[in-house]
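Subject: Structure handover

Hello,

Please find the structure below, with the sequence. My notes on it follow.

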Amino acid sequence: MCDTCGCGQPGKGVTIQKPGEEKNDQHNHPYEHEHEHEHDGIVHSHPHEHTYHHEHHHEGDHSHEHDHEHHHHDHDHSHGSLIDVGQDILQKNNLIAERNRGFFEAKGITALNLVSSPGSGKTTLLERTIRDTRQDFSISVIEGDQQTMQDAYRIKATEAPVIQVNTGEGCHLDADMVNQAVKQLEIADHSLLMIENVGNLICPALFDLGETKRVVIISVTEGDDKPLKYPSMFSTSGTCIINKIDLLPYVDFDMEKVKEYALRVNPNLEFIELSVKTGEGMEEWYSWLRREHGKGNG
């Protein structure tokens, strides 16, 4: 896994909370991950469960800290290789993803995993979608970012249920984070769940969240070579939204070329061209949502 970006330790510094609840009592969210080290040329791995410390702030002069146990080490040494550790992390993730998928199917929930690089317009797309389709859908949102509650507050302003997952040092959401967020979010049956993943076109491609569909979003300001540079993301997505088409006259972006590149890595990829700012192409997106939601609720 990615040691430098924190993928190998997906629970490090993770917080899950609704906007407006930052000052309320919060519960611990333990994550289990494995540490590996090498002795005599052999890689050892053992699970560490971390329970994270939370400060509790109360109105007035009554502020105090709850000092919880920080580390509990269960040293169960096993021999393996680095690649085995990576496979084990993905295996655990995939098991939880299947639980999520079963829950969504049982409840008639269409869960969309929205992935992109930073600045593609995911949050703005969600804001407009929620406001324009509130007569058609009940939409809930899981916001994924490394830090801050900013996007969660933007979604809250649309009056849609929202919860923020801050991944700390991690650069993607995983199935367990989504599982915990869903338990707190109380999503309505037969509704849409929008999961806005952390802005990153690499690591989120590896992690199944249990979603119904994965939608990759790019903007014309990013360049038309993204599918060739980040093929895994495009090969694992079913639909590609090309945003900010109102800027096409001002940027060096070839629409036919980007589609050609994307289809090289995924011949079944669908495309939706739109501008969230002007509204051009948004109806095609809404029709796509109705169609996909109808498949699970028809």
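I start with Lys244, which is partly exposed, because its relative accessible area is 23%. Please keep in mind throughout that this is a predicted model.

Lys244 sits in the loop between strand 13 (239–243) and helix 7 (255–265). Leaving out residues up to four places away in sequence, Lys244 touches Gly119, Ser120, Ser219, Val220, Thr221, Leu274 and Ser275. For Gly119 there is also a distance to report: its backbone oxygen lies 2.8 Å from a polar atom of the Lys244 side chain. Ile218 is 26 residues away from Lys244 along the chain, and the C-alpha atoms of the two are separated by 8.7 Å.

One of the residues that Lys244 touches is Ser120, which I looked at next. Ser120 is found in the loop between strand 8 (110–116) and helix 2. Is Ser120 buried or exposed? Its relative accessibility is 1%, so Ser120 counts as buried. The side chain of Ser120 makes a polar contact of 2.7 Å with the side chain of Ser116. With neighbours within four places in sequence set aside, the contacts of Ser120 are Ile217, Ile218, Ser219, Glu222, Asn243 and Lys244. Helix 2 (residues 122–132) packs against helix 8 (residues 282–297) at an angle of about 70 degrees, and their axes are 11 Å apart. Because of that angle, helix 2 is roughly perpendicular to helix 8. On the helix 2 side the contact is made by Leu125, Arg128, Thr129 and Asp132, and on the helix 8 side by Met282, Trp285, Tyr286 and Leu289. Sorted by class, the contact of helix 2 with helix 8 has 5 nonpolar, 1 polar and 2 charged residues.

Glu159 is not a glycine, yet its phi is positive, near 75 degrees. Glu159 is placed in the loop between helix 3 (150–156) and strand 10 (162–166). With a relative accessible area of 70%, Glu159 is exposed. His190 also is not a glycine and has a positive phi, of about 55 degrees. The loop that holds His190 runs between helix 4 (175–185) and strand 11 (192–196). His190 counts as exposed, because its relative accessibility is 54%.

On cysteines, how many disulfides are there? The count comes to 0 disulfides, where a disulfide is a pair of cysteine sulfur atoms within 2.5 Å. Cys171 counts as buried at 9% relative accessibility. Cys240 is buried too, with a relative accessible area of 1%.

Last, the chain as a whole. Its secondary structure comes to 8 helices and 14 strands. Of its 298 residues, 49% count as buried. Among contacts between residues at least 6 apart in sequence, 69% join residues at least 24 apart.

Regards

Definitions and conventions:
Residues numbered from 1 in each chain as written. Predicted model: local features only at pLDDT ≥ 70, side-chain atom pairs only at ≥ 80, totals over all residues. Heavy atoms only, no water. Axes fitted to C-alpha atoms, helices over the stretch in contact; angles between N-to-C directions. Helix = DSSP H or I, 4+ residues; strand = E, 2+ residues; numbered from the N terminus. Parallel < 35°, antiparallel > 145°, perpendicular 65-115°, else oblique. Contact = heavy atoms within 4.5 Å. Nonpolar A, V, L, I, M, F, W, Y, C, P; charged D, E, K, R; others polar. Buried < 20%, exposed > 50% of the residue type's maximum accessible area, 1.4 Å probe, protein only. Polar contact = N/O pair within 3.5 Å; in protein donor to acceptor, adjacent residues only side chain to side chain.
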